[in-house]
Amino acid sequence: CAVSSSQVPALRSAVAAAELLLTAHCHASHALRSGWSLPQIGGERLDASLAPYWMDPGDAVFSHVQLESGRGAVATGPNMSGKSTLMRALGACALLANCGFLCPCKPKAVVPHYSQVVWVSAEGDRPAEGISAFGYEAMISATLLRRATEGTLALVDEFGRGTEPRAAKAAVCTLIEELSGRKTQFVVATHLHDVVDVKLRTGAQPVAWRMGIKGSSQFGNWTYQLELGVCRDSLAAQTLSHFGWPKIALDRFHALLEVEEQEGRKTDGSNDHTLALNDAKESPIEPMDEGLEVADPGEAVMEMMSSFGAASEILRLKPRDVPPAPLCAGASILYTLILRGQILYIGQSDNLQQRLQQHRQRFGERLEAVLMMPVENTSTARRLETQLQRDCQRRGMTLESNADALHRNFPIKDDMKASGAPAELRRMAQELMEMAEQLEAMEPRDG
């Protein structure tokens, strides 16, 4: 056992090296068979002729993409003309090139060094988390805006599909301005064609790209190739016909479309606004109380926590204070971090000491105080965490994160009873720990 145990590190390294070499061999074989090439990495300008990475090179249509440093492009085009395909090809080329791999592009391509490549695309709603389709778009685009820098390539595909056209247009334009202000290279693919007509607050207007068509705008064929310019017709009728709409429905579609074009009507959104106001009562976040000013957020939060009716005392700690021993681990705690600038972070934990250590590493000097209150169990802690976040938002307080406030999973009913789930999870965790210790004891040791 001593001899075999001494060989384990070398054996692991050999297996890892073999896997890496096999993966590299498979990549090189596929790339060379497909006619891929190795781009030049560096510079500030993106200049490459790209093709979809999943297509046979004989069938693929190449598009020449040029994007200056700190500039963006707005890509328009008919349905099924290849906008999203182009975005995926561009993202794959940027990622592979920056990893040192061959790419689905022609020789002499130049790809900048990117610190990150971000893809933003709607993927539907998340009912279990209380997030709508547009809410999910807002969430992932907010992450992009927090992280975007001069070394970012942002690929935004049909942003705003989950909301009405006027708001979607405003959101897309704002997103373009924000990315331009960060000198981020970006491509925004959209069917909101008049976005390119808006005078944006940017140093330079985004480049206008379009996917080409042959023939008239009504009966054109897609070329799947990128061009300079703006597409004003999405060829929706062709798409409806292609996927099986009956002739009587298509005739009615054309009749309604012709009426709209003749009258030049545009939806003013008033009905949608009224609906939004009526639905506000059902929103998981109550409207913010107007005119409330929070002088000392700590005092206000302690008052709200006291209103929950818990028998436990609310403690206030300094940033480096250690919680009382009985509360360090094994107790369910609802806590609030007071950060610099009157920003709050609300959470709950069954291992407060470890959690506070993580928060100190994350927030550093921003952390000013900690409010904590023991509660009955984890289920209660989660419920009160959600309620406290909502109460703080109503008072106009700024939260570092409000994800739990959007969840419908933890209802705010005072008579909610604790379930046996936390105890069951602890039991399972304990069993896993015991199994890990047994496996560790069975491992051969040197000597």
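Where does methionine 55 lie? Methionine 55 is in the loop that runs between strand E2 (46-50) and strand E3 (63-67).

## Basis of the model

The structure is a predicted model, in which local features need pLDDT of at least 70 and side-chain atom pairs count only at pLDDT 80 or more, while totals for chains, interfaces and linings use all residues. Residues are numbered from 1 along each chain as its sequence is written, and side-chain values use heavy atoms, with hydrogens and water left out.

Helices (H or I, at least four residues) and strands (E, at least two) are DSSP runs numbered from the N terminus.

## Surface patch

Methionine 55 is partly exposed, at a relative accessible area of 32%; the term covers values between buried (under 20%) and exposed (over 50%), with a 1.4 Å probe and protein chains only. Together with Tyr53 and Trp54, Met55 forms a nonpolar surface patch with about 290 Å² of accessible area. Accessible areas come from the Shrake-Rupley method with a 1.4 Å probe, and for residues only the protein chains shown count as cover. Patch members have over 30% relative accessible area and no salt bridge; nonpolar side chains (Val, Leu, Ile, Met, Phe, Trp, Tyr) are joined within 5 Å and like charges within 9 Å.

## Salt bridges

The whole structure contains 10 salt bridges, each defined as a side-chain nitrogen of Lys or Arg within 4 Å of a carboxyl oxygen of Asp or Glu. Side chains of opposite charge can pair when their charged atoms come close.

Glutamate 68 is partly exposed at 38% relative accessible area, and arginine 45 is partly exposed at 34%.

## Pairs further along the chain

Arginine 232 and aspartate 197 also meet through their side chains in a salt bridge (3.0 Å, N to O). Arginine 232 lies between strand E10 (221-228) and helix H5 (236-242), in a loop, and aspartate 197 in the loop between strand E8 (185-189) and strand E9 (207-214), so the pair ties together parts 35 residues apart in sequence. Arginine 232 is exposed, at 51%, whereas aspartate 197 is partly exposed, at 44%.

A salt bridge (3.0 Å, N to O) also joins the side chains of glutamate 400 and arginine 366. Arg362, Arg366 and Glu400 are linked in a network of salt bridges.
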